[in-house]
Amino acid sequence: MTLRDAAVGSTVVVTKIEGDGAYKRRIMDMGITKGSEIYIRKVAPLGDPVEITVRGYELSVRKNDAECVQVK
């Protein structure tokens, strides 16, 4: 399951981040790293962006970025 597929109001754990080196590094610089817990706050009406809470702060992630984050 990807971060984009996670239900609103659920808490998920990151298992893997996909993508090339620079793209993967950009996602990790936002605080989304393997093993971190992410709370799905809300999703915009058209599905882009996804608002999440990670490491105590709120973050909006684009749909393309959310598809690269594998969660369980």
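**View 1. Met28, a partly exposed residue of helix H1.** At 29% relative accessibility, Met28 counts as partly exposed, because that class lies between buried (under 20% relative accessible area) and exposed (over 50%), with a 1.4 Å probe and protein chains only. Met28 sits in helix H1, residues 21–29. Helices (H or I, at least four residues) and strands (E, at least two) are DSSP runs, numbered from the N terminus. Beyond its neighbours within four places in sequence, Met28 contacts Ile17 and Thr33; contact means heavy atoms within 4.5 Å. Ile17 is 11 residues from Met28 in sequence, and their C-alpha atoms are 8.4 Å apart.

This is a predicted model: local features need pLDDT of at least 70, side-chain atom pairs count only at pLDDT 80 or more, and totals for chains, interfaces and linings use all residues. Residues are numbered from 1 along each chain as its sequence is written, and side-chain values use heavy atoms, leaving out hydrogens and water.

**View 2. Thr33, in the loop between H1 and strand S2 (37–43).** Thr33 counts as buried, at 19% relative accessibility. Its side chain makes a polar contact of 2.4 Å with the side chain of Arg55. Such a contact is a pair of N or O atoms within 3.5 Å; within protein, one must be able to donate a hydrogen and the other to accept it, and residues adjacent in sequence count only if both atoms are side-chain atoms. Not counting residues up to four places away in sequence, Thr33 touches Val14, Ile17, Met28 and Arg55.

**View 3. Leu3 and its contacts.** Leaving out residues up to four places away in sequence, Leu3 touches Val12, Ile38, Ile40, Ile52, Ala66, Val69 and Val71.
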